[in-house]
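Subject: Structure handover

Hello,

Here is the structure we talked about. Please open it and keep it beside you while you read the notes below.

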Amino acid sequence: MAASLQVFHSKLVRPFHTLSSRSSTPLRCSAAPPPSKSHSHRRYTITLLPGDGIGPEVISVAKDVLLLTGSLEGIKYDFREMLLGGAALDATGVPLPEETLSVAKQSDAVLLGAIGGYKWDKNEKHLKPETGLLQIRKGLQVFANLRPATVFPQLVDASTLKREIAEGVDLMVVRELTGGIYFGKPRGFGTNENGEEIGYNTEVYAAHEIDRIAHVAFKIAQKRQGRLCSVDKANVLEASMLWRKRVSAIAQKYPDVELSHMYVDNASMQLIRYPKQFDTIVTNNIFGDILSDEASMITGSIGMLPSASLGDSGPGLFEPIHGSAPDIAGQDKANPFATVLSAAMLLRYGLGEDKAAERIENAVLDTLNRGLRTADIYSAGTKLVGCKQLGEEILKSVESNVPAGAV
Ligand SMILES: NC(=O)c1ccc[n+]([C@@H]2O[C@H](COP(=O)([O-])OP(=O)(O)OC[C@H]3O[C@@H](n4cnc5c(N)ncnc54)[C@H](O)[C@@H]3O)[C@@H](O)[C@H]2O)c1
């Protein structure tokens, strides 16, 4: 694949690759309708799912950021706060109440904090908070999982990779979320011809499943640097051979995107060797599961990483990649940046509100530039603050709207 070297001056910070002029519509599969609100109204219904642990703390910050950004960019929100996870179990006896799913489905986008905690760890599987998370992803039929891995210049030393390797990394993994070996049939346990116990699974993809994730990935690449690397194992697996064939065919519809292919074993090596070569990666469920975790570790800070899950139509689900962090819950120690950046993804990829998304991204960079840090990203010479105070500082940055790149 083509290599591109991005140079960041230590104070010229613009780690989000977005080309706003090309992108004023939300991301959906080609046949899908646009969101329910016309651009002139710019009023959206957002379902908030604070969840458990630090979830309510970080969602509260993100909600304030959305509200202020909205008032400055001409957007109005109707927020519906609903129960999910342990909070829902305690109140209703199930981890995903029907009402939560129904309200979420009717909204324009869903913003989730995190679920889970020690209290429910020993519950039966169907009564675990995590079951609610899987159920809402399934209920919203989100098949495309977007996981950006961005190394912030201010936090480059948090990476476990050498500075010169990590600096400037800004990539997006687009993972197929509802197909492949995690769901393929037949699956199960049995006995082979020697009478030995076996376990087996099936990696299977239908053409339409590949096509729809490929369309999402090409559109994301268009919003970024215009380079898409499709990762597969087409030298061994038939499902990957079909994957490569379909992605290559769909590339004809996106002449402005440069497509390359890479085998997954090489991709896992290249992510550590020279991650800057990647812009957008598209891959299947299992490879994406592994590669997106590998990519996120390049950044070194779980509290900074947002994600989005999108479907054909209907609302997208936006959430930080971290969990409910029960060890620091209720102590005002949570880093809200990942949730605030998830709110920016909600605006950009869920609602097509690129300008408002950029204002939030700029605010995050400005807050970091002003040296404000929660404990998880604190280093000598910066100022340690709690979740609430960091939220207030982000609001100041939203208000001042210092453009990225400004000192
Ligand atoms: N999407 C989700 O809601 C999700 C994802 C992963 C885990 N979980 C659940 O969360 C619970 C805890 O899981 P875990 O400990 O493995 O993962 P975790 O992500 O909650 O925490 C891992 C470590 O990172 C820290 N951390 C995480 N987010 C942080 C933030 N925003 N600011 C500062 N520090 C942060 C935590 O304090 C902890 O030390 C479990 O019940 C698990 O099932 C939920």
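**A lysine and its contacts**

Leaving aside residues up to four places away in sequence, Lys 233 touches Ser 240, Tyr 263 and Val 264. One of these contacts spans a gap in the chain: Lys 233 and Tyr 263 are 30 residues apart in sequence, yet 5.1 Å apart in space, C-alpha to C-alpha. Find Lys 233 in the loop between strand S8 and helix H7 (238-251). Is Lys 233 buried or exposed? Lys 233 has 20 C-beta neighbours inside 10 Å, so it counts as buried. The cut-off for buried is 20 or more.

**The whole protein**

Remember that this is a predicted model. The protein has 407 residues, and 51% of them are buried. Its secondary structure comes to twelve helices and 14 strands. Residues 24 or more positions apart account for 77% of them.

S10 covers residues 280-283. Thr 280 and Val 282 point one way from S10. Ile 281 and Thr 283 point the other way. All four of these residues are buried.

Which strands pair with S10? One is S5 (residues 170-176), which pairs with S10 in the parallel sense over four bridges. Here Met 172 has Thr 280 as its bridge partner. Another is S8 (residues 227-232), again parallel and over four bridges. In that pairing, the bridge partner of Cys 229 is Ile 281.

**Strand S12**

S12 is mostly covered, with five of its five residues buried. Gly 316, Phe 318 and Pro 320 point one way, while Leu 317 and Glu 319 point the other.

S12 also has two pairings to look at. S3 (residues 109-114) pairs with S12 in the parallel sense over three bridges. Ala 109 has Gly 316 as its bridge partner there. S11 (residues 306-311) pairs with S12 in the antiparallel sense over four bridges. In S12, Leu 317 stands opposite Ser 309. S11 and S12 form a hairpin with four residues between the strands. In that hairpin, Gly 314 takes a positive phi near 80°.

**Helix H12**

H12 runs over residues 387-400, which makes 14 residues. At 1.5 Å a residue, H12 should span 20 Å. The end C-alpha atoms of H12 are 20 Å apart, which agrees.

Which residues of H12 are buried? They are Cys 387, Leu 390, Gly 391, Ile 394, Ser 397 and Val 398. Seen down the axis of H12, these buried residues fall within an arc of 120°, so they line one face of the helix. Here is the background: an α-helix has 3.6 residues a turn, so residues three or four places apart point the same way. What do the buried residues of H12 pack against? They pack against helix H1 (55-73), helix H10 (337-350), helix H11 (354-369) and strand S13 (372-373).

**Backbone points to check**

- Asn 401 follows H12. Asn 401 has a positive phi of about 45°, although it is not a glycine. With 15 other C-beta atoms within 10 Å, Asn 401 is partly exposed.
- Asp 332 is not a glycine, and it has a positive phi of about 60°. Look for Asp 332 in the loop between S12 (316-320) and H10. Asp 332 has 15 C-beta neighbours inside 10 Å, so it counts as partly exposed.
- Lys 185 and Pro 186 are joined by a cis peptide bond, with omega about 5°. Pro 186 is in the loop between S5 and strand S6 (188-191).

**Around the ligand**

How many residues are around the ligand? There are 21, and Gly 116, Gly 303, His 322, Gly 323 and Asn 335 come nearest. The residues of this shell divide into ten nonpolar, seven polar and four charged.

Best wishes

Key
Residues are numbered from 1 along each chain as its sequence is written. This is a predicted model: local features need pLDDT of at least 70, side-chain atom pairs count only at pLDDT 80 or more; totals for chains, interfaces and linings use all residues. A residue is buried if 20 or more other C-beta atoms lie within 10 Å of its own, exposed if 12 or fewer, and partly exposed in between; C-beta atoms are placed from the backbone. Two strands pair if DSSP finds at least two bridges between them. The expected span of a helix is 1.5 Å times one less than its number of residues. The arc is that of the directions from the helix axis to the C-beta atoms. Two residues are in contact if their C-beta atoms, placed from the backbone, lie within 7 Å. A residue is near a molecule or strand if its C-beta atom, placed from the backbone, lies within 6 Å of it. Ala, Val, Leu, Ile, Met, Phe, Trp, Tyr, Cys and Pro count as nonpolar, Asp, Glu, Lys and Arg as charged, and the others, Gly among them, as polar.
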